[in-house]
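Colleague: Can you take me through this one? I'd like to start with the helix packing and then get to confidence.

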Amino acid sequence: MERVCVRVAGWKRDSFVALPPSLCQYLCEVSGTKKFPIPLEIVELQPPCRRHKVAFAGQKAKGEGGMEVSKELAESLGLRERMWFRVQEADVPTASRAVVVPKTEGDYAAVSISSKAAEDGDVLNQVGLLTVGGSFPVWVDGTNKIAHFTVRSLEFSDGSTSSQGMIRSGTELVVMEPLETVSKRKEAKRTPVAGGGGASRRPTEARLLCLTRDILPILDLGEEAVLNSEGEAGEALVVWDITGFAAPDVVRDLGVGERDQANGKSPGGDEIESVLVKVVPKSLEGGNDAKGPRRHASLCLRLVAKAAVPEGHLALAPGLFLSLGVENLQRVLVLPVDCEQESAREAVSFSMEVSEVVDQKDQEAQVDESLEEEGGDEEKPFKLVADASTSERIVKSILKKFKDSTAENDQGDFLVLSKGMIVEACDDANGGRGLKLHINSVSASSPDDTLDDVGSLEHVAVRALSSVEMEISMGQRLSDLDCSGGLGFCTGTREGQKRDYLNSPWLVSARDSCVETLQMALDNDLSSKFLSRSIQFPGGVLVCGPSGSGKTVLCQSICDKFSSTKFLSKVVWLDCQDYMNMDLEKMKKDMRVSLSKAVECQPALVVFENIDIFASSLGDGQASMETFQFCVFAEYLSHLTDCVREERHRISFLGTARSLDNVHKSLKKSGCFDSHFAMPMPSRKQKVEIFERLAGAKRIHVGPDVLSHLEENCDGLDVLDVEALVELAMHRGLQNLTERHGGPGRHAGLAISGGQMESILKSYVPSKARGTSQISDGDDSVKSWDNIVGMTKAKAQLEDLLSFSSKYKDLIDKCPLRLRTGALLYGPPGCGKTFLVRCAAKICNLRIISVKGPELLNKYIGASEAGVRELFEKASGASPCMLFFDEFDAIAPKRGHDSTGVTDRVVNQFLTELDGIESLVGVFVLAATSRPDLVDAALLRPGRLDVRIKLDFPSHQERFEILSQGMSGVSEHVLADIASKTAGYSGADLMGMLGEAELMAVQRQIEDDDSLVASKPSVSDQELQDALFSSRPSVSAPERQRLEGIYSVFEHGGDQGGGTKRVTHA
């Protein structure tokens, strides 16, 4: 919005900010029906770019450019005179109830004496925004006497949880007695927190780290976070513990550990045994999903200091994440809980009701993946059942682990079981059925078994030295909770196989190139050097490549790299195609919310998939309003990225696009997506490796014959096609399994043979070859070059062009040669140019894309050139492929003779594609014409269509061979006589004459006997003579003579204008 400079006003006696008049007027206009105070966020312009939430009640500052604050507010927020901030709107919910505590007895006495303060008048008039754990001043009765308060808790009418809240008229304000007053009145000694030594306890902020199967060994928490117990029948039971693990600095920031430091122990090491805390999720602006607002809840946990936990983090089990309703790497507020020693009892008795949490996706993921060996008679593994006895067994295993870990501790540790807590268990560490239990309610038999600091949350506190009596009942199953966390042991094998695929050598080299740029803001050491030297972080990385080239897989590999314990970066994934049908304002809000989530959970990596939909110029059929919206949104996205860089947040951006040309110019500017990476195409061996890894992830056995056959026939396949082949192989394996055992039961694993893989490849059409204009396979009788009659010299030239690279592959790889991949077929009409190309494609097993000349021409400017580019892109993606242009002289004539300039631009585009910077690999470009003199000479130079293949009228011997192949039942002397009489006939003329003779034979057979219609008619000598008498050559003698002259001049490199010269008179 606007930049302002801090001014400390000694005369102010409230905690509101006063803003410049112009900004006040703007806020009053945009707020509309909103009531004062209005929440605002101020962002420091200089490092470390701190952010604070403040309240604005309509007060105007003296002069423009200044933000006036009271001295007390400046001290509490750490503001100094002449500090510059950016002011922007914020979204802070209104609290329905606020609990505050005076800091001292004097503050409490001052408030008690003042009736106005007791009625909340002073608080509502002077304070508009409260932060849990923070403090605020109140000027009693408008005098200079100040009472300081600490915010204990905030409650909201919708049941949500937030560390900050607005207080307005109607908010219930509860003023509690200070702790020292309560202590004196009770005359009871407070139990010190383990390792606390009576030090002052203070709230702190931390990031949450979700424990998974892969992270447990890294943090050395395998035996502490997961409990293993044996049942009565010997079955294994795996349970996630409800104890949290904190980094040493988090425990130190809580004010716990000073006594250990005084005794010579490390205040942040594992010597600090535990501390009881209350975890309050920080409300994220983007904390909503498709089901509605995300459910947030506070939780009381026992934290154990662990040196292996990353700095500033809390490591919690997946069930505790579901209990809190938070995401991985989200920030939370950690409040220390004080425990009363007098509440210790020898026995603790409580009752609770639990429900099984059911999630359809989780159930599908936990279907037993392992298949028994054929003929195995092993007993089925134990299945966990959600009943009272199983629930009691799970809770007892948690309590036993807690007591065993604190057996030598005499400081009175507590373990808290509270309402809303979710406990996870699994019957088998190798993939058995998982179970989630949600505590609906819990009630202690004695009030002494609860803790006052936990608040109104239903709970029971269990001391390590106390015996436990419990009664558990089962409630109705729940299915409306967000169970995206999942039990790590049930999905660990599948996630490990997926990670193995993401770390394949093909992706590692490409991933490392992108990581080198992105890690500047995400690596702790590198980012600290950037911030200390006031250097801005580099812009984002844009990965470009055609559809199916593996851009999404590469981005997933990069995200997997930054999600590791080395970086611990939050990943925010956005697919820009989701914004296609959104309203403009909804687009902006959704993008702002997503980036706010990344800022709150930084360091973060934000991925924009398909960012090229915001193109600066869209298709002809695109509505102008939609084009305008996309351009506005692209510029807005560029503005947001600029704001993130200016505020020096530790956020990196990663995007994908099919083509760099389609990306809006505002997104390619410096500081936005200024690093561009072209997606590499995997080699044959890399494609085989990708197939093998994907097949292994799906537990499909592939033998060496399958892999070798795939390596020989994988040309033209991209990453998406390889994934589709794995799916087809799995379907074939399931079919084999069903046919072998008569049903989809549990038998031997899936497997396919080399022959089945061959049939799959033969029937599969690569994605880039779909939807193109293709010539049919041609004549079934043509299986080799020897089956083509005539055209001896042309066949030899075309065979060398198409087969040279495959015959001498090893030799070519050693020599830096550029193979000749372009040819011009010319000759009179009907002499077999198109027929020869069709047969060559079938013999060489090449996909062929055929284009008639006029098909490319378009009346719109630039459309014809775009068509040429698209054709070459399709051919390159479908390689090995043959790109065939028929009637080439219609689309590539000599430049300078077209008044519209359309064909000139098409020729220029052809030249760019044929010998551009990016050479064509596996694409043969063939063109056919009967007038080579009309083709632009630049297209026929070396490196382009430099091979010239002439197909002339067939000779006497070639005519005889054509007639013999078509009329096997006619005598040779008749065929020789007809061959001598058909001089000047083209191949098409001869085939037309033979067709006429066959038609005469069919008519004769119908007239003789209707019953013999189904039999094959035989052509007689007379019918062939009659067909010759009725036929004529399609090219007349004068025309043949004229064409021979044109071809002679063309072959000798003379004037290509058909013998005519243009004379210019001065």
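Predicted model: local features only at pLDDT ≥ 70, side-chain atom pairs only at ≥ 80, totals over all residues.

Colleague: How far apart are the axes of α29 and α30, and what is the handedness of the crossing?

Modeller: The axes are 9 Å apart, and the crossing of α29 and α30 is right-handed.

Colleague: Which residues make the contact?

Modeller: From α29, H956, R959, F960, L963 and S964. From α30, E972, L975, A976, I978, A979 and S980. By type, the contact has six nonpolar residues, three polar and two charged.

Colleague: Switching topic. Where is R477?

Modeller: R477 lies in the loop between β30 (467-474) and α14 (488-502). Its side chain makes a polar contact of 3.5 Å with that of E356.

Colleague: And what is the C-alpha separation of R477 and V357?

Modeller: 6.0 Å, with the two residues 120 apart along the chain.

Colleague: OK, confidence. What is the mean pLDDT of the protein?

Modeller: The mean is 76, and 77% of the residues reach 70 or more.

Colleague: Where is confidence lowest, and where highest?

Modeller: Lowest in strand β13 (residues 190-191), at a mean of 38, and highest in strand β33 (residues 604-609), at 91.

Colleague: What about residues 258-271?

Modeller: There pLDDT stays under 50, and the model has 25 contacts beyond four places in sequence for that stretch.

Note on methods:
Residues numbered from 1 in each chain as written. Heavy atoms only, no water. pLDDT = per-residue confidence, 0-100. Helix = DSSP H or I, 4+ residues; strand = E, 2+ residues; numbered from the N terminus. Contact = heavy atoms within 4.5 Å. Axes fitted to C-alpha atoms, helices over the stretch in contact; angles between N-to-C directions. Left-handed = near helix turned anticlockwise from the far one by under 90°. Nonpolar A, V, L, I, M, F, W, Y, C, P; charged D, E, K, R; others polar. Polar contact = N/O pair within 3.5 Å; in protein donor to acceptor, adjacent residues only side chain to side chain.
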